[in-house]
Amino acid sequence: PTEPSEPIDPSEPTEPSEPTEPENSDDEVIEQSDRLKAVIAHVMNAMTYGRNIEGSLYPQLFVDGINPETKEPIIWRQRQNDDVFNNYMSNLHSQSNLLRVLDKLTDITGDEKYREAAYDQLTVRYDTPELMDSNSLMYAGAHCFVDVVTGRIGGTIPSQHEVKDSLLPIDLYYDANPERFKDYVTAIWSTHVVDAGTLAMNRHA
């Protein structure tokens, strides 16, 4: 027979056990490293070939797409009446996830160049009146974009700002320039929110 164990007195403090770190197998570490390398390669392609387009009026802005074979920016051809435009599209709302990845890569790697690229994109939009409409809203959303080469505002409805399905990285918008962010949020509130009591809002402004 075994001796009964001593009863535990709940009034007596006990030493907390040391937390244990989860163990990663060598395969898991290699897989995580490969995933990070793939993300960095994707972002470096965007930073190398998706900005500073030759002749660009706004070299800080990312285009919306890159041909994976030629590394050339994707051109969107748009017809308006009798005119045809070849657009180097930059739609800030379409690039929300890219901005998030740039931000978090700086957290992971400690390299500030990624977050700075995101800030540069937001700063030039904050500081350039031609990239804001008459309501002080950035030209962005499902209906309009900026041509990074000519500065032309294009789209199906170039004057229409939209926030539907955008899921903006608001923290980045703030960190890039807190004062200009306040102005931008005020503009969104005054143009999109139609009932302050219920926060009902429209998608277009």
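Modeller: Let's begin at the largest pocket: helix 1 (26-49) and helix 2 (96-109) each supply at least two residues of its lining. Helices here are DSSP runs of H or I with at least four residues, strands are runs of E with at least two, and both are numbered from the N terminus. A pocket is an open set of points on a 1 Å grid over the protein atoms alone, where a 1.4 Å probe fits and protein lies on both sides within 12 Å along at least five of seven lines; lining residues have an atom within 4 Å of a point.

Please keep in mind that this is a predicted model, in which local features need pLDDT of at least 70 and side-chain atom pairs count only at pLDDT 80 or more, while totals for chains, interfaces and linings use all residues. Residues are numbered from 1 along each chain as its sequence is written, and side-chain values use heavy atoms, with hydrogens and water left out.

The largest pocket holds about 320 Å³ of space; a volume is the space filled by probe spheres set on the points, which are joined across faces, edges and corners. Of its 16 lining residues, H42, A46, D64, G65 and I66 are the closest to the centre. The lining is made of six nonpolar, eight polar and two charged residues. In this grouping Ala, Val, Leu, Ile, Met, Phe, Trp, Tyr, Cys and Pro are nonpolar, Asp, Glu, Lys and Arg are charged, and the others, Gly among them, are polar.

Compare that with the second largest pocket, with about 250 Å³ of space. Its lining has 10 nonpolar residues, one polar and no charged, and W189 and M201 are among them. Helix 5 (residues 178-192) gives the most to this lining, with three residues.

H192 counts as buried because its relative accessibility is 0%; buried means under 20% relative accessible area, exposed over 50%, and partly exposed in between, with a 1.4 Å probe and protein chains only. The side chain of H192 makes a polar contact of 2.9 Å with that of H161. Such a contact is a pair of N or O atoms within 3.5 Å; within protein, one must be able to donate a hydrogen and the other to accept it, and residues adjacent in sequence count only if both atoms are side-chain atoms.

H161 itself sits in the loop between strand 5 (153-154) and helix 4 (170-176). At 1% relative accessibility, H161 is buried. Its side chain also has a polar contact of 3.1 Å with that of Y184. Beyond its neighbours within four places in sequence, H161 is in contact (heavy atoms within 4.5 Å) with residues including H93, D133 and A205.

A205 brings us to the segment after strand 7 (200-201). A205 counts as partly exposed because its relative accessibility is 25%. Leaving aside neighbours within four places, A205 is in contact with L137, S159, Q160, H161, T191 and H192. From A205 to T191 the C-alpha distance is 5.8 Å, although they are 14 residues apart in sequence.

Residues 24 or more positions apart account for 58% of the contacts with a separation of 6 or more.
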